[in-house]
Every structure is written in C-alpha cells, then in structure tokens.
Amino acid sequence: MFEREYVTVTNFAAQAGMMTLPGDLSEPLAMGCRRVRDRRGHVCWLGMAAALLIPLVGAGCGQTAAASYRLNLVESAKQRLRPEQEQQVATILAALFGTPDEPVALAECGLDESKLKLAAGPVRSDIVGRKNGLYREHCAHCHGVTGDGMGPTAAFLNPYPRDYRPGVFKFKSTERADKPTHADLVMVLRNGLAGSSMPSFALLSDAKIDALAEYVKYLSIRGEVELALMRAFFELDDEDQGRLPDDREFLIDEILLPVVESWQAAEEALIDVPEMPTDIDLADSIAKGRELYHGNKANCVKCHGVTALGDGQVNDYDDWNKVVVQAHTTVQGGLERAGETSTWEMDADEVAEHRAELAWLDRYESVLGGNALPPRTIRPRNLRQGIYRGGMRPLDLYYRIHAGINGAPMPAAKGTVPPEDIWHIVNYIRSLPYDFNGTLGADKPMVARDRL
Amino acid sequence: MMTRTLLIFSQRLSVAPRPRWVGCLGLAGSVVVGLAAAGCGSAVVSGPSPDFEVARALRDKLGASTSETETADTAPQGIGWATLKGRFVFSGSPGAAIALVVDKDTQVCSKDGMKLYDRSLLVDESTKGLANVVLFLRNSSRVKSEVPTESLLLDQENCEFLAPVFAGRVGQPIDVKNSDPIGHNTNIAGTSFNQLIPAGESTIFTPARETGLPVTVTCNIHPWMKAYAVFREDGYVAVSAADGSFTIPDLPAGEPLEFQVWHERSTGRSGAVSLEQPDLKWNAKGRFKIELKADEVRDLGTLEVPADAIKG
C-alpha cells in the first residue's frame, strides 16, 4: 500500500512539476534526476524529492558528474570477471551505445537516433521549447537510467519495475519466445499496466511515446549485448588470454546482430488469433472453460487455485528474481564450503586460490546486497479481481493463455490446447469476477450485500 | 555466523586495493558479527568506468570497416573420423539419497508410497561410475552427419523427468512428452520454451540455438521436478551412462579438438569439471584438448573425479 503511494507522489510530482514550471526552472529537477544515476538509490530519491518540493534546493546540488550507465555486476560476478574484463565490457558498450546523455545507435541497430536523442539526456528544453530527456523525466526513477529496473523508487514497488536488460517482456502480441512489437511497447506506455505501479502515459503526445518506446528498445538491446559480452568470456579459448576480440566479426556479427535481429523478427511473429467461436452460447462456453480451468488439460487450477484467487502456487519466482535467488544460493554454498576448508595443509598456490575464491564470494555478496533487489516470489494472478496487467480485452487474455507469459512461470497453452478451448477459457476467466457462488445466470441477479 | 565473519575478515587482510565501502563493511562487519555486513552490504557497488577514448576509437573502427566476408581460415582441417570414449568414476562417497519434498498431486507423484529422490549425484554402487557427466566438443570444423529429422523423446513420468540430463541437437525436433495422468509444464531455461503438456500428450520443441553449458528443465507446477538439457549445433555431445561411460563417434580426425566437461554438482566454474590426468591437460574451465587419428577409437580409460570436485 505504501509502495503505491510513493510512486504516485513521485510521478505526479514529476509531471506536475514539469507542467507548471517554465523551461529554465526545470533545470533543478533535471539536476535531481541527474543525481539519480550516479549516487546511491535512496539518497538520490531523497535528493529528487527535495528538488521537487522546493525547486530552489536543487540549486544547492551544484554540478554533478556526467550520467553513466551502471554495469551488470550481478552477471559479471556470476561470470567471475576480473576488473579489467569488466572495464573492457564497459568500453565496448560505450563504443556501441554511447552514454545516457549522448546515446549512439549504430546503423546495424536499426534504431532511430533522433528519437533516442529526444528521450535521452537530462530533462531540458531545446531551442524551440520542445521537451527533451523524456526517459529521465518519466521512467528513470523506477526503471533506472540503465534500464535495470533499479531506479531509486524501485525497492518500494511491488511488483518491481521491469529490468529491460535480459530483453524479456511480458505483455505482447507475439509468440512466447519473441520480442514485443513496437506497438506492444507503445500500448504498455499508453495504457499502463493495471495492478502494477506502471502508470498510463496517455497524456504524452504520440511522438513522445514513440520516442520512449524506441529508447526502451535501445536500453534493452544494450542490456542484452552486455549480458552476451559478459557470458562470452567463458567461451574464450586459452589463447585469447581473457580478452574479448574487438573486431567487427565478433562485436557486430556475433554479439550485436543476433539481438537486433530478434527485435526485427518480432514484427513478423504475431500470434495468429482465430475468431472467437460464435456458434456456442456464452454460458456453455463459460462452462467449457470452467472444465478446462480445473481439468488436466489446461491445468490453470494448479497455480491460480481452486478458488481462482491466485493461491495455487505461491513460492515460485519469475526469471528476474530467480537469477538473484540462484546467486544467493551460490554465495551461501560457497561460503559454507570455504568455512569447512582448512588452509593448514595447503601449499602457497592453493592458499592463493582459496583467497581468490573468498574475495570473489565477498564481492558477489556485496553486489547482491547493493546492486540487486531482495528477491520476491511471484503471485499467480487473482482472477476474481478483473484486473489484468496486460490488458482486459478478450484478445489480451487470449494472448496470455496462448503464449504464456515470458519470464514468468505461466506456460504456453499453444499447441496442446486448441484455439477454441483457449477462447472458452477466456470466457470463463472473464466471468470469474462476476461469479456468484460458482454459478452464473441472468436469472440470478447479484446482490452486493449477499456477496460480502 | 562467527566463522563467516572471520572468513570475511581474513580475506579483507589479503586483498588490496580495497574499494571505499570495504572499510565500512570489513571493520563493522567483523566487530558487530555479521549484522553490520548485511546493513552495509546494501551500498551500490560501482564497477569500472569505460575508457571513452578507446571507446571512440573502437566505434570509428567498427564504423569504418565492413564485415569481411571471408576470414582466412587458418584452422588446420584433417580428414576422416574417429571415436572418443571413456568412463567417469567418482572416488568419494555419494552419501545417502535425499528424498524430495512432494506436496502436490500426491495421488500420482507419491502413489503407493513411492518416493522421489534427488538425482544430482548418481554413482553406480558396484563400478563407482559417475552418471550424467556432460562432455561436448567445442567449435567443430566439420560434421559427419546431417541433423536427423526423427525426433528425440523428452519424457516425464511419475512426476520426474526420465533423463536427469538430456542432450539434443540444434534443429532436431524433440518430442516433449507427459506420460503422467496429470498435467505438467516443461520450462527450458534460456530458450523461452515453457509449454503446458496435458496428461498423456506431447508437443514438439525444436531448439534453435546452442545452450553453451547445460540449462535447467523444470516444471513450475511441481517445483521438485528438475533436469538439465544441452543442445549442440553439431551433435557432438555425450552424457555419461549409469556406469559412467560415454562414447562420441564420428568426430573430425586429424585436427585439434577441444572438449568441455560439466557436471551439475561440480565445484568448478558454472559446473565445469577439471581433472588432473597424467597425459591429458585440463584447464580451469573444464576443457581438454586432444587430437585423434582417422578411424581411431581412443579410449581415455577411467577418469577419476575426486571427492572434493563435487559439492557435498
């Protein structure tokens, strides 16, 4: 409950602030935003709130260093990268993608650099009074300047803001393994995600939303390239001496293009949705959906529960949180093993190795403490509420059931549940918020008092 | 807790240079016994910054050149084919089997008092053979066989994947089957494949990319269900059998080959298994190099995995 208030305050303050202040006075706000990137999360949030409440305070912050992207240190710790290897990754990323203030999109990325420029950088107005720095104005406080879902407000939100870096998005019109289309991202920006802290940005012009969607793609491609680079160290041969090649064949053809191509393929990967069956009475369709929900074929009941309150499977994690859970397990196991190891009979090399192991575990632990949010389990949707993150149209529910939800435990029904059955389930799901004592019929008007 | 703090403390003394926050963590941590470590641990760790000059030069270089269509292929290519075989044994004691917590669909998953056990370390009692060690060839220059079109079977029965480690080939269809009277879902990490498999039914999955090291296969409905899968472009991959033996036929002969070895419980990096063998040099990433002659059947003999190479 509190979390919700936090984000609303920040968000409204940000928007209201920008609407009421003349362009030049928006600078302190921009400064507040700038602090977000290079300082510790909670300090920044305070800094930003102060700047929002009393704009003049912002001036006290003075000049800050240029904005910078944060490295994915959770992955680099997992891959045991050395500092010079981390720096090589940072440098390659700077070459391919520039900085938060000056984004770069190589021609191979297929991104529109002018849109990126509109979205990137500190909040400011250009010479014709057009607002720039949209991402930091509207998105960065939750999603972080890097798009790692670790903005200053992130820890207070449930669910956590999306971390774009793995390139996985939940609510889309494409097959499970595919990226969202540009239109999918625009839809999320325009409608928000009901039941989460993601608000609607419908008040922004089409051009601004378009620019933000492009920028999300840019951050996501950047994040996926970062992951690919960090993982590539393990694949190196001994002769490479722990350095990634910096030629075009490796960086562009092997690392960048597969990511870019997966985004381009999304536009062709739309889910083929057949018409909702019309030759069946709605009540019959709902009854069929009900059987499917509880039956062994669609098996919805296992996670969403016999009550449909989303209480069937409550101790699972989504892919983002699973990464952190597994990392904690690795660190704990490593520390336990190290605790049982005696250095008494080790030779010098073994002692050095043992110390290196401890140094790695210690750093890994610090990174998990400071650069990752405490893992949370994922709740299957409570289907009695009628609140659906990815949209409430029957079509949206069809997409969710057909393709599952990428990154979440929700599996795809495609292939094993025929399309007409998926439609029956959609109809049943849509009836659940109005379901009274498990029966449904027009002859039985619902009495609110009785329902309670 | 105490030992851990001491560990952290002793490690503090041995590492230099330390980042700023380390002082706080180390001192407070060792004095206040662990509690402070949690508090201070929440400081953001900042990694190294990019070298912008190098970055600019690199960007110019990448922009100036276009991908060379042909790269001089310097790797020597041999002719003919050969076979590699061997047997992994475990010199430690596997310990008692750990029963898994089965708390769902017990009418099927624990029928007649049946118990499911953790299968992450399977050692054959009589031969000491270590099962489910994965061995695959890295970067093959040529491949003998085409990708088969007949599908492999990834089956699950009694709420357990039949194969604890499953090996497949990129492009070869896999029949993901559910032989149980209850529904499962099969979730293969890193592939975005997560599919409902109704009771007694199956669906086809065709891996499109190599996995590198094996990835997990799970069922979200029954959280104890876990297996691993590895997919390779060339199909040069083996999973050691119950007696620890493995065979990879039709390998390119007359050229240097490098193999990667992995086991779920290995203490090595990401599960890499590195052994000390007199005539076979393994690196820390669990790889060894070898060259085979045409039509040779090379038997590596007994490969002993020491007790401390496996997580207890």
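# Exercises on a two-chain model

The contact between the chains takes 59 residues from chain A and 52 residues from chain B. The model is a predicted one.

**Exercise 1.** Describe the side of chain A that touches chain B by its helices and by residue class.

Solution. Start with the helices. H4 (73–78), H5 (83–97), H10 (206–235), H11 (248–266), H13 (301–304), H14 (319–340) and H15 (348–370) of chain A each supply at least two residues to this side. Then sort the residues by class: 25 are nonpolar, 18 polar and 16 charged.

**Exercise 2.** Find the domains of chain A and describe the contact between domain 1 and domain 3.

Solution. The domain assignment places domain 1 at 2–230, domain 2 at 282–316 + 380–451, and domain 3 at 320–370. Next, count the residues at the contact: domain 1 of chain A gives six and domain 3 of chain A gives eight. On the domain 1 side, three of the residues are nonpolar, none is polar and three are charged.

**Exercise 3.** Decide whether Asp148(A) is buried or exposed, and list what surrounds it.

Solution. First locate the residue: Asp148(A) lies in the loop that runs between helix H8 (140–143) and helix H9 (182–191) of chain A. Now apply the cut-off, under which a residue is buried if 20 or more other C-beta atoms lie within 10 Å of its own. Asp148(A) has 25 other C-beta atoms within 10 Å, so this residue is buried. Leaving out residues up to four places away in sequence, Asp148(A) touches Arg70(A), Asp163(A) and Arg165(A). Finally, compare sequence with space: Asn72(A) is 76 residues from Asp148(A) along the chain, yet their C-alpha atoms are 8.2 Å apart.

**Exercise 4.** Identify the buried residues of H9(A) and what covers them.

Solution. The buried residues of H9(A) are Asp184(A), Leu185(A), Met187(A), Val188(A) and Leu189(A). Their cover includes H10 of chain A. Just after H9(A) comes Gly192(A), with a positive phi of about 70 degrees.

**Exercise 5.** Which residues touch the most other members of the largest nonpolar core?

Solution. This core has 79 residues, and Ile425(A) and Val134(B) touch the most other members. Helix H17 (residues 419–431) of chain A gives the most to the core, namely six residues. For the contacts of Ile425(A), again leave out residues up to four places away in sequence; what remains is Gly289(A), Leu292(A), Tyr293(A), Ala298(A), Cys300(A) and Ile401(A). A separate second core has 73 residues, among them Ala119(A), Leu185(A), Val216(A) and Leu335(A). Leu185(A) was met in Exercise 4 as a buried residue of H9(A).

Note on methods:
Residues numbered from 1 in each chain as written. Chains lettered and ligands numbered in written order. Predicted model: local features only at pLDDT ≥ 70, side-chain atom pairs only at ≥ 80, totals over all residues. Core = buried A, V, L, I, M, F, W, Y, C linked by C-beta atoms within 7 Å. Buried ≥ 20, exposed ≤ 12 C-beta atoms within 10 Å, placed from the backbone. Helix = DSSP H or I, 4+ residues; strand = E, 2+ residues; numbered from the N terminus. Contact = placed C-beta atoms within 7 Å. Domains from an automatic or database assignment. Nonpolar A, V, L, I, M, F, W, Y, C, P; charged D, E, K, R; others polar.
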